[in-house]
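Subject: Structure for you to look at

Dear colleague,

I am passing on the structure we spoke about, and my notes on it follow below. Please read them with the model open beside you.

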Amino acid sequence: MIAKFDFEKTPVVEVVNEILVDASKRGASDIHFDPLTDYMKVRIRIDGSLINYTEVPNGVKKNLITRIKIISGMNITESRLPQDGAIKATLKDINLDLRVSSIPTSEGEKIVIRILDYSMSLNGLENLGFSAENYKKVLKMITVPNGIILVTGATGSGKSTTVYSILQRLNREETNIITVEDPIEMDVEGINQIQTNSEIGLDFATSLRSILRQDPNIIMVGEIRDTETAKIAVRASITGHLVLSTLHTNDSLNTIERLLDMEVERYLLASSLTGIISQKLARKLCQNCKTTRPTNDYEKSLIKKVLNREVDEVYTSEGCEICGNGYHGRIALHEVLVINQEIKDAISSGIAREILRDLVYKTDVTTLLQDGLEKVVNGLTTFEEVLKLIELEGEDAYGKFDLKTAIDSTTIVNEYGNGNGNTEEVTPIPTNDEIEAIEI
């Protein structure tokens with residue numbers, strides 16, 4: 001356990017306040033209140049990983065949930081339906097901006113609190129971990145007067161941070177910027193922000209139609225969720241507007257395919273799509289205690305194929321008083337694709353996926369794997385982190401990397417221990433039959 005509370009003597013109000021403040025100080029992105037049979041488990045997510053924080057007795061559980069629902073503006077009498085709320089408060093000189101969600105489970109209500117951190121967006125686009133080449137591409141994208149720019153990735157991969165950083169860069173006196181969001185995650189002075197409300201029919205599509213009559217220069221759609229929103233956003237981008245939005249896809253090629261699956265007309269997509277920024281978040285090595293270790297044969301081979309470089313050493317995590325486990329913070333891995341005329345023509349003509357893939361990845365695009373391995377070589381993250389985030393199985397531009405090779409690699413890495421000569425117990429390598437039984 002990280003924290004212990006005297007629930008018999010400490011009021012629930014103080015317990016909730018302390019959890020919120022302490023989690024924020026520790027750099028947590030989420031707080032989970034998980035109801036169990038005998039108690040409620042509280043976990044916090046730091047650098048992408050959930051860790052146990054404390055346990056709440058059943059006698060206090062209901063009061064604690066009620067307190068959270070009160071301060072977040074939820075209905076305390078409703079426990080059978082999911083609810084959303086928000087908390088904006090200043091506790092112990094810390095400004096908190098929180099999003100709260102509750103769902104009913106078999107053991108009671110589960111609460112998740114998202115801690116919004118605007119520091120990365122406020123620091124500027126240049127501080128988001130883009131390589132020099134990718135940063136130039138992003139700057140080139142956002143100077144285009146009209147078109148659509150998509151930031152893609154899984155939930156919690158930092159898409160909103162990237163979009164807000166772009167908006168901060170574009171937010172000038174002579175531009176009219178309007179956003180449609182659900183929810184509004186960051187209030188930005190000088191930008192007109194619309195909060196959708198499905199209960200009264202104010203959805204993304206309805207808002208977009210009205211925005212086009214508001215003389216906008218730049219439109220930001222919080223997320224493209226359905227066919228109607230996708231079509232309106234694309235049409236808005238070809239009528240003289242720069243449109244920014246997010247999409248839940250893994251890479252540039254999947255993004256193009258997803259929009260076509262949403263029944264966006266090929267000729268419209270080809271003429272409107274300006275660029276795609278795909279990203280994933282990897283844990284960042286603690287710069288205080290990171291150390292080097294020799295690369296194994298698999299790592300050498302992969303880095304040679306992907307980066308065309310001979311690398312004999314890579315950095316690894318060790319652990320110190322500052323980080324605890326060798327990692328401190330997170331860094332984004334990026335794939336930035338500027339849509340050129342050749343790709344536009346291929347989209348418009350309905351070319352085969354394999355040929356489109358070659359056009360996308362045979363250009364000067366830096367793939368997620370290339371960017372990730374570059375950051376491994378530079379000591380920003382570890383090979384293990386990149387291996388967790390990026391699928392290597394199957395044929396790609398660099399050859400075939402199968403599951404067994406990846407498992408062998410991580411096993412070999414474990415043999416090096418923490419980089420200072422200490423070894424750990426090595427997990428046995430699965431047999432071929434065991435590997436084939438694994439569902440990918």
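I begin with Ala346, which touches Ile351, Leu356 and Leu359 when residues up to four places away in sequence are not counted, contact meaning heavy atoms within 4.5 Å. Ala346 is found in helix α11 (residues 341-349), where helices (H or I, at least four residues) and strands (E, at least two) are DSSP runs numbered from the N terminus. The C-alpha atoms of Ala346 and Leu356 are separated by 6.6 Å, although the two residues are 10 apart along the chain. Ala346 is buried, with a relative accessible area of 4%; buried means under 20% relative accessible area, exposed over 50% and partly exposed in between, with a 1.4 Å probe and protein chains only.

Before going further, please keep in mind that this is a predicted model, in which local features need pLDDT of at least 70 and side-chain atom pairs count only at pLDDT 80 or more, while totals for chains, interfaces and linings use all residues. Residues are numbered from 1 along each chain as its sequence is written, and side-chain values use heavy atoms, with hydrogens and water left out.

Turning to the sheets, six strands form an open sheet in the order β3-β2-β1-β6-β5-β4 with antiparallel pairing, two strands being paired if DSSP finds at least two bridges between them. Its edge strands, each pairing on one side only, are β3 and β4 (83-91). On average, neighbouring strands of this sheet are turned by 20° against each other, direction ignored; axes here are lines fitted to C-alpha atoms, for helices over the stretch in contact, and angles run from 0 to 180 degrees between N-to-C directions. Strand β2 (residues 39-46) and strand β3 (residues 49-57) run antiparallel and are joined by eight bridges, with Arg43 opposite Asn52 and Ile44 opposite Ile51. These two strands form a hairpin with two residues between them, and Asp47 in the turn has a positive phi of about 55°.

Lastly, helix α6 (residues 204-211) and helix α7 (residues 227-237) pack with their axes 9 Å apart, at an angle of about 20°. The contact is made by Phe204, Ala205, Leu208 and Arg209 of α6 and by Glu228, Thr229, Ile232 and Ala233 of α7.
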